[in-house]
Amino acid sequence: MLRSRLLMGLCFYLMLMLRIGVARAFEPGPSTPPASDLRLALLPEDEYAESLTLLAYLSDGTRVETGFQVSNLGPGSGNGGYDIEVVSAGKVAYARDGVKHHFRWTDDPLSIEMGDLAGRKNYSGARLRTLSGTAGQVGHTLELSAVAKDFSYNLRFRALVPAWRPASGRIRFGDRFFQYVVQVPRAEVTGEVRAFGKVTQVTGRGYVEHGRTNADPRRHTDRQLRLRYYDEVDGQPLTVLAFDQLTAPADGARRFGFLAVFLGGKLIHQSVAPLLDPAGLRPDPQRKQNQVPTEFHVSRDPAVKIRASVQRLVERSDYLDQVSGFMRLI
């Protein structure tokens, strides 16, 4: 039995569910995603949306997050957008843009480019490209670059754990679906960050997730709680990922989630069920119908016992109010 007491910072734009809904399982399937689920796509469906999100938790406490999205929602089709940010010591540097049809979104090898990377005044942009290896496998290495008026970063993500998904990774909404893959559960991150008046050579841990849907995201994205935890046990890297979400009222407020535990590069435990329970709930001052936890724990799973306390590193108003509505939906 794995027992670990966790201390972590939780992004407060990930809101906790108000009430417990009916459990909704991911469709059955193998947890190793096929290559087709890892590729980028530009689907023709009217409600198509897709995102690739990269997070880096750096050794000095800095967090870097980058989101790339494309969508057919709203006017036109194949619209793109990106969000880039650095959070350090309670400070947030943030930029985003909707780039419409002027972007690169290709696969084999994976390559994304949005916005302006020349760094001209008041311009910003982000780029992701494969340096080596094969998507979904250990050793796959990505280079992530971003630039904005007040900050920039250049990071390398090298996968230490192969891609994983909860069962098939799909949840049905009538004849439509939402698909979720943890493209890189754990990565080694190295690079450079320029923000808040200094330039820092950085190391840390990273995570990459990939979502795709042809169902209106307002149906399946409401309140959610997620845990990403990285540590060492007996000289081996420990990775714990957990997720718990309640769908929007339009979908009946149904609940789903998962838990995955990796030791080294091996999956040692998984549960495709909502297992994260909150404690010490407090109303979000910006959106009182949501409740923010001061701690949470994994329950109803005899193999894993986890209790985590939440540290408020940045206020919600410092972050969420700047995020595009599109990014929130994804």
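Strand β10 (residues 152-159) is joined to β12 by eight bridges, and the two strands run antiparallel. Strands here are DSSP runs (E, at least two residues) numbered from the N terminus, and two strands pair if DSSP finds at least two bridges between them. This is a predicted model, in which local features need pLDDT of at least 70 and side-chain atom pairs count only at pLDDT 80 or more, while totals for chains, interfaces and linings use all residues. Residues are numbered from 1 along each chain as its sequence is written, and side-chain values use heavy atoms, with hydrogens and water left out.

- Strand β12 covers residues 176-195 and is mostly covered, with 15 of its 20 residues buried; buried means under 20% relative accessible area, exposed over 50%, and partly exposed in between (1.4 Å probe, protein chains only).
- Strand β11 (residues 170-173) is antiparallel to β12 and is joined to it by four bridges, with R172 opposite F177.
- The hairpin of β11 and β12 has two residues between the strands, and G174 takes a positive phi near 70° there.
- Strand β13 (residues 198-213) pairs with β12 in the antiparallel sense over 14 bridges; R212 in β13 is the bridge partner of Q179.
- Two residues also lie between β12 and β13 in their hairpin, where F196 in the turn has a positive phi of about 55°.

**Residue S111**

- S111 is found in strand β7 (residues 111-115).
- S111 counts as buried because its relative accessible area is 17%.
- Leaving out residues up to four places away in sequence, S111 touches L40, R104, W105, T106, L128 and R129, where contact means heavy atoms within 4.5 Å.

**Cavities**

- A cavity is a set of points on a 1 Å grid over the protein atoms alone where a 1.4 Å probe fits but cannot get out, and lining residues have an atom within 4 Å of a point.
- The lining of the largest cavity includes L58, D60, V86, V193, F196 and K198.
- β4 (79-88), β12 and β13 each supply at least two residues of this lining, and β13 gives the largest share, three residues.

Note on methods:
On a 1 Å grid over the protein atoms alone, a cavity is a set of points where a 1.4 Å probe fits but cannot get out, and a pocket is an open set with protein on both sides within 12 Å along at least five of seven lines; lining residues have an atom within 4 Å of a point.
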